[in-house]
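Work through the following exercises with the sequence and the coordinates at hand, and compare each of your steps with the solution given.

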Amino acid sequence: MEGNIAEMGQFIGAGLAAIGSGAAAIGVGHVAGNFLAGALRNPSAAAGQTATLFIGIAFAEALGIFSFLVALLLMFAV
Amino acid sequence: MANEEQNSDGLEFHPMDQFIVKPLFGEIGDPVHIYTVTNVTLWLAITVLAVIGLLVMTTTKRSVIPSRGQAVAEMAYGFVYKMVEDVTGKDGVKYFPYIMTLFVFILCANFLGLIPMAFTTTSHIAVTAVMGFGVFFAVTILGFLKNGSSFLSLFWVSSAPLALRPILAIIELISYFVRPVSHSIRLAGNMMAGHAVLKVFAGFAQVSGGMALLIVPVSILGVVAVYALEVLVSFIQAYVFTILTCVYLKDALHPHH
């Protein structure tokens, strides 16, 4: 086990940043699940709200993408 | 990609190698200048040709009963037109050509990137940031041209209590300037992550060694499943990029909360 400690920190940090993807997954699941719950109550109104669904998913996902970016920066840029 | 030489004994496959920009002509190690023809420029050009093939070639000989190509082109047109009209309203339809261009270009780039051995141009932040910041600057300039200084009321949430408004203004300002970053990185990150996952699944077969008979079928099934997911993601990300452009455009045209 040799190697410099800074490199180990990069890998640990990138792994920790992956937690952010899981958090984003919770957010996306929340949006989609609530949309489905609402859509099953009133299916006739669901078709008009798919755009809102995708906007909500996109905003929830953006923060997960930031954590992915942090991981990439740690691996390749630092 | 800096420390790939050091840990080459650990991983025999390099899932990120597919995103390396290489010059098409000359030696492998040649520096990439701004005028160098690289695999990125080649695939961007192929994307443009694909868009022309889809939208121009199929609609030059129009007929009442559409051919297959014409039907696809009309469907894409109708899809984007309805999206722009629904999100931005009647006065946003003027900017439909720009949004249609973005949608078809990103869609073709994503789908062409899925061809084996192809280069996914949209997986590079340099490519998507040009589109993301283009949207950002266009929308900001348009907002000020249309509304003058009252465009700034976008940041002043008049429905909130007065004491909260300065704090909300700061948050709104930050979120406004983060828009182009998240807008472009969402597309690039999704494409890059998906293609890297494809390579990782393929790499399982490569490193399976003695257990190849057990692992290779699983690996192939995994690649097929992820590939199918990627086809879906390619479309959804193009859709999300364009619909967010529509939302930003709506903010610029009607900044009042």
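**Exercise 1: a loop residue**

B:Met117 is placed in the loop between α3 (96–113) and α4 (125–147) of chain B, where helices are DSSP runs of H or I with at least four residues, numbered from the N terminus. The model is predicted, with local features needing pLDDT of at least 70 and side-chain atom pairs counting only at pLDDT 80 or more, while totals for chains, interfaces and linings use all residues. Residues are numbered from 1 along each chain as its sequence is written, and chains are lettered from A and ligands numbered from 1 in the order in which they are written.

Solution. Most residues other than glycine have a negative phi.

**Exercise 2: a helix residue**

Task: find the helix that holds B:Pro166, and its C-alpha distance to B:Leu229.

Solution. B:Pro166 belongs to helix α5 of chain B, and counts as exposed because it has 9 C-beta neighbours inside 10 Å. From B:Pro166 to B:Leu229 the separation is 63 residues in sequence and 43 Å in space, C-alpha to C-alpha.

**Exercise 3: the two chains**

Task: state how many residues of chain B are in contact with chain A.

Solution. Taking contact as C-beta atoms, placed from the backbone, within 7 Å, 16 residues of chain B meet eleven residues of chain A. The elements of chain B giving two or more residues to this side are α2 (68–88), α5 (165–206) and α6 (212–253).

Conventions
Contact = placed C-beta atoms within 7 Å. Buried ≥ 20, exposed ≤ 12 C-beta atoms within 10 Å, placed from the backbone.
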